[in-house]
Amino acid sequence: MPDADLPQAEANRLIALPKHRVNLQAWPYPRGGGRVAIPLQSENKREHFLLDLSRAGINITKGTHQTRARQVEPLVRLCTSRPGHRNPDGVMVPPDHLHLYREGYAAKWAQPVPADVFRDLADLQATLEDFMRYCNVVEPPFIQARWIP
């Protein structure tokens, strides 16, 4: 269970911290129903992160990209082609939405996907690139995605 008491300033620092691949391993982009957790680290190797990628089994456009810190702390999560999301205050956000860590709530709050950041959510490769850029992954892992349309 994530620690919802991570101070907001620390979460913001972790989100902004440049992230690097850990090794030269090639990771498969998940096919329908699949998921992968790819390790990342800060340049000084003191902070460790995970880049989670998952796709639904039937609706393969339904997916999640997420960065986590300290194994369990969700920092940023992009959800695509999902039902709308209801925030803790009852407000609904659209099917494509972005969760950002909020102190006291972890990643329970979502907002519409910023159109100026994500070029084309129908393009899986562009979405992955945009997500990694948004999360400050400056040295991305090698992700095998030859089959992405």
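Helices (H or I, at least four residues) and strands (E, at least two) are DSSP runs, numbered from the N terminus. The model is a predicted one, in which local features need pLDDT of at least 70 and side-chain atom pairs count only at pLDDT 80 or more, while totals for chains, interfaces and linings use all residues. Residues are numbered from 1 along each chain as its sequence is written, and side-chain values use heavy atoms, with hydrogens and water left out.

**Exercise 1.** Find the buried residues of helix H1 and explain how they are arranged.

Solution. In H1, which spans residues 8-16, the buried residues are Glu10, Ala11, Leu14 and Ile15. Seen down the helix axis, they fall within an arc of 140°, so they line one face of H1; the arc is that of the directions from the helix axis to the C-beta atoms. Their cover includes strands E1 (19-21), E4 (48-55), E5 (63-69) and E6 (73-80).

**Exercise 2.** Describe what covers helix H2 and what lies at its ends.

Solution. The cover of the buried residues of H2 includes E4, E5, E6, E11 (137-139) and E12 (142-144). At the N-terminal end, Asp123 caps H2, with a side-chain oxygen 3.1 Å from the backbone nitrogen of Gln125. H2 is followed by Asn136, whose phi is positive, near 65°.

Methods:
Buried < 20%, exposed > 50% of the residue type's maximum accessible area, 1.4 Å probe, protein only. Contact = heavy atoms within 4.5 Å. Polar contact = N/O pair within 3.5 Å; in protein donor to acceptor, adjacent residues only side chain to side chain.
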